[in-house]
Amino acid sequence: MKILVINGPNLNYLGIREPELYGKKDYKALVAFCEESAKQLGFDCESYQSNHEGCIVDKIQEAYGKVDGIVINPAAYTHTSVAILDALKAVGIPAVEVHLTDVNAREDFRKISYAGMACVKTYAGYGFDGYKMAMEYLKDYFCKGECSK
Ligand code: DQA
């Protein structure tokens, strides 16, 4: 089973950007954490990061027929992007939304998630661990699909 982890704008600046909020570990450490988590769960994992909305839409479309599950932190596009919401709906790949911080405890504009409307679950406020929790959720989700066949 293959998992695609998508990270949106400014997450390549992890470790530099607002470390008091997002932590001191960098994006490379996040990719390594996701690879290790995926390995433990028996998934193949590809990580992708982009600062550009259209590139994220392209990546989601390219996943169609190739990827079993998506873990996505759309970052700022969470709160603005109908295009990413529509792309997730278009491919119909089970997706779990992740945020490093607890977006519901921050500014009001972060409480709206468009991408989240196409996701089967959201984890917010667990730092890197949220990505692993998302993969565990997908593993369970796939298992349930198999069991009901
Ligand atoms: C974020 C939360 C977003 O509101 C913000 O724009 C980000 C990161 C998070 O991981 O906590 O860039 O998605």
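**View 1. Glu 18 in the loop between β1 and α1.** In this predicted model, Glu 18 belongs to the loop that runs between β1 and α1 (19–22). Its phi is positive, about 30 degrees, although Glu 18 is not a glycine. Most residues other than glycine have a negative phi.

View 2. Five strands form an open sheet in the order β2-β1-β3-β4-β5, and their pairing is parallel. The edges are formed by β2 (44–49) and β5 (121–124), each of which pairs on one side only. On average, neighbouring strands of this sheet are turned by 20 degrees against each other, direction ignored. Strands of a sheet pair through backbone hydrogen bonds.

View 3. Strand β1 (residues 2–7) and strand β3 (residues 69–73) run parallel and are joined by 5 bridges.

View 4. Strand β3 is mostly covered, with 5 of its 5 residues buried. Gly 69, Val 71 and Asn 73 are buried on one side, and Ile 70 and Ile 72 are buried on the other. In a regular strand the side chains alternate between the two faces of the sheet.

**View 5. Helix α2 against the sheet.** Helix α2 (residues 27–41) packs on the sheet, where it touches β1 and β2. The direction of α2 makes about 160 degrees with that of β2. The helix has 15 residues and reaches 21 Å from its first C-alpha to its last, close to the 21 Å expected at 1.5 Å a residue. After α2 comes Gly 42, which has a positive phi near 80 degrees.

View 6. The buried residues of α2 are Tyr 27, Leu 30, Val 31, Cys 34, Ser 37, Ala 38 and Leu 41. Seen down the axis of α2, its buried residues fall within an arc of 130 degrees and therefore line one face of the helix. An α-helix has 3.6 residues a turn, so residues three or four places apart point the same way. Lys 28, Lys 39 and Gln 40 are exposed and lie on the face of α2 turned away from its buried side.

View 7. A right-handed β-α-β unit is made by β3, helix α4 (residues 82–91) and β4. Ala 75 is found in the loop between β3 and α4. The phi of Ala 75 is positive, near 50 degrees, in a residue other than glycine. Its relative accessible area is 11%, so Ala 75 is buried, the limit being under 20%.

View 8. The loop between α3 (53–62) and β3 contains Gly 65. Gly 65 counts as exposed because its relative accessibility is 74%, and the limit for exposed residues is over 50%. Gly 65 and Val 91 are 26 residues apart in sequence, and their C-alpha atoms are 8.3 Å apart in space.

Conventions. Residues numbered from 1 in each chain as written. Predicted model: local features only at pLDDT ≥ 70, side-chain atom pairs only at ≥ 80, totals over all residues. Heavy atoms only, no water. Pairing = 2+ DSSP bridges. Helix = DSSP H or I, 4+ residues; strand = E, 2+ residues; numbered from the N terminus. Axes fitted to C-alpha atoms, helices over the stretch in contact; angles between N-to-C directions. Contact = heavy atoms within 4.5 Å. Expected span 1.5 Å × (residues − 1). Buried < 20%, exposed > 50% of the residue type's maximum accessible area, 1.4 Å probe, protein only. Arc of directions from axis to C-beta. Right-handed = clockwise from strand over helix to strand, strands pointing away.
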